[in-house]
Amino acid sequence: MQARKKYVLLGLCACCWLLLFYWGGGVQVRLLKLLGQQRGDVVRPWPDWTDRVLLPGYAQLEELQTGPGSAESPRQRHQAWTGIYKDSRCRMETCFDFTRCRRRGRDGFRVYVYPSEKDERGSESYRKILTSIGESRYYTTDPREACLFVLGIDTLDRDQLSGQFVPNLDDRIKGYPLWNEGRNHLIFNLYSGTWPNYTEDLGFNIGQAILAKASLNTEHFRPGFDVSIPLFSKDHPQKGGERGWLVRNTVPPRRKYLLMFKGKRYLTGIGSDTRNALHHIHNGKDIVSLTTCRHGKDWEKHKDARCDHDNLEYERFDYQELLHNSTFCLVPRGRRLGSFRFLESLQVPSTVHAVGNERVLALRQRTQMLWDAYFSSVDKIVLTTLEIIKDRVFSHVSRNKYMWNALPGGLLVLPEYSTHLAHFPFYYLSLGVSPGQEFTAIIHAVSPLVSQSQPIMKLLQVVSKSKYCSQIIILWNSEKPPPHRSKWPPMPVPLTVTDGRRKTSSRFLPNVAIETEAVLSLDEDTVLLTSEVNFAFLVWMSFPERIVGYPPRSHFWDPVKHAWGYTSKWTNEYSIVLTGAAFYHRYYHYLFSHYLPPSLRALVDRTANCEDILMNFLVSAVTHLPPIKVAQRKQYKELPSPQVRPRPSMVNLTNELPSPQGTKMSAPWANPEHFTQRQECVNSFASWFGYMPLVHSQFRLDPLLFKDQVSVLRKKYKDLERA
């Protein structure tokens, strides 16, 4: 009996010991945490990994945050960060005033930039940011309309040792009557803190402002509120930007070098252990990891035994040659969390050694898409930031992840048009859907209706006979009022006459009457057969994201004038299909009117010219593809050219749309000034886009039986397929 009691007692002791271990341990941890808080220390969580002994070459967390000679304690860092991020719990629903943005519905997202003070110092990079905002469709000069505010003071470089550091920011921004503790303000920053610790001290309290920052620390990033942007140099282009180095479906995808890195090796302080741990991977053949000790004024005081060898090896390789010819690019941290190599490596993807060729090619294509869509220029970085914030403000009409991560990218997919993927021509193939089987014809009319024999009357009959035609809209752009409906001929499809408001660009305004995905744009004097219309429409259904039509034109670079040229000479190569007779998706109406700046549309209206060229620029910029020319009966004669074209700088001054044989030309394009205007338009458009988006092509689609010796009765397109 006593033995039994003995075992029971031992069991109770064991249970008590276990309870004390679990509960007492928790109490001890909480007690230690409380004591630590009383001392002002930050109690950090235990590491997540258990195999630290297997990674002797990697620096510890504290080593990366604090370099030798640094006296800053975790307590001091915590106090500094707390001072910077007083509103560290900010989210859109707690620190943003949505009412400022929703007063005017979807058009309420306006951005106001504070005017710069006289003699205000500003970096080139910040001027580019402000220029991008000022040229965007969201810019307003009226702060009462603004949803978002951007400081005119340069906040990019907050390193106190930098020559571009702007002092006394706290006092200056508090003097702004609209500051309101930073509410609805957007602050851009690339660099923060200073040597030797490079903390995130911005030198002023951002309050409730949204921070668009390079090298954000995850500890202080406010999810759904702040925006992480890439670090970019002062040489990063304002617009356009260099295209990525991937040619479509480049095979093989692997390059001469498997993995590369070339940069500074910090001998002391933050970042030193990170890059020191990489030297052993260098073999000088397929893996190249190069560092130099030559940086700073006193680097020789700290040089180690490897410096001389590393410096020599560093000079053996050219950085650009490595970058262009490497499969993977390594991006180790430096002094700060960020690196210029992030943007550079987007043009040459970074991944692991064991990835197969198919995966490598897919990754290269993905990074190419991200580079082209969001990072290749300051313009795209800034606009992406604004669009991200706009999606948060109007979350009910925001882009989904697929729209952001698939071509053509979020900047060119406007959710105000639709939030459904199937409504955009770019996604048909990936969704496995086809466009609708009907089209809407829009005829641009500029001449008063005085006779039933005018070309527009015949055009109406030809188009309405197409079995694919759903409706016809006449865009009346004449000085005289449109004729009564009884003056128009009876047709098998609905006919609507709308006011063109006497603007050339009005032909591309979004029209709620357009119910079909396909639009057939026509000039009033276009001469076509119904079979030509049908054939072009069937071709467009296979290429719904492109312009498909008849009259081709081309651009070229004039090395003498150092400008782009425009030619209407019929050759095997083209880059433009005139929208006087062409199919395209109706989404481009919305993009033309809401994505392009008012300045370009004003140019079109002022000259009453070039709207077709501008639409081609837009579609090619979106798709990175040329338009498609389809077969047409060549019923026109080339007019004698006053010039011979022995070199690209000379152009043929033939008319834009030659008249049928035996008729006289009285249209405005018969004037040589019309052609000169089109040359100027090409250069103006290229300047706004920042590059030349037009793409040359020799691709042309004809009916299948065009040259076959078969009976005409067997041919589907009899008039087009005659030999």
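Guide: Let us begin with Glu-387, which counts as buried at 3% relative accessibility. Buried stands for under 20% relative accessible area, exposed for over 50%, and partly exposed for the range in between (1.4 Å probe, protein chains only). This is a predicted model, in which local features need pLDDT of at least 70 and side-chain atom pairs count only at pLDDT 80 or more, whereas totals for chains, interfaces and linings use all residues. Residues are numbered from 1 along each chain as its sequence is written, and side-chain values use heavy atoms, with hydrogens and water left out.

Visitor: With which residue does Glu-387 form a salt bridge?

Guide: Side chains of opposite charge can pair when their charged atoms come close. A salt bridge here is a side-chain nitrogen of Lys or Arg within 4 Å of a carboxyl oxygen of Asp or Glu. The partner of Glu-387 is Arg-137, with the closest N and O atoms 3.0 Å apart. Arg-137 lies in the loop between helix 5 and strand 2 (148–150) and Glu-387 in helix 12, 250 residues apart, and the pair thus links distant parts of the chain. Helices (H or I, at least four residues) and strands (E, at least two) are DSSP runs, numbered from the N terminus. A network of salt bridges links Arg-137, Glu-387, Asp-391 and Arg-399.

Visitor: How many salt bridges does the structure hold?

Guide: There are 19. Another of them joins Arg-265 to Asp-310, with 3.3 Å between the closest N and O atoms. Because Arg-265 lies in the loop between strand 8 (257–264) and helix 7 (272–276), and Asp-310 in helix 8 (residues 307–316), this pair ties together parts that are 45 residues apart in sequence. Both Arg-265 and Asp-310 are buried.

Visitor: Which residues touch the most other members of the largest nonpolar core?

Guide: In soluble globular proteins, nonpolar side chains tend to be buried together. A nonpolar core is a set of buried Ala, Val, Leu, Ile, Met, Phe, Trp, Tyr and Cys residues joined through side-chain atoms within 4.5 Å. The largest has 63 residues, and those touching the most other members include Phe-96, Phe-109, Val-150, Leu-186 and Phe-188. Helix 12 (residues 378–393) gives this core its largest share, seven residues. A second, separate core of 50 residues includes Leu-421, Ile-547, Cys-610 and Phe-617.

Visitor: Which way do the residues of strand 4 point, and are they buried or exposed?

Guide: His-185, Ile-187 and Asn-189 point one way and Leu-186 and Phe-188 the other, and all are buried. Two strands pair if DSSP finds at least two bridges between them. Strand 4 pairs with strand 2 in the parallel sense over two bridges, and Val-150 stands opposite Leu-186. Strand 4 also pairs with strand 6 (residues 210–213) in the parallel sense, over four bridges, where Ile-187 stands opposite Leu-211.
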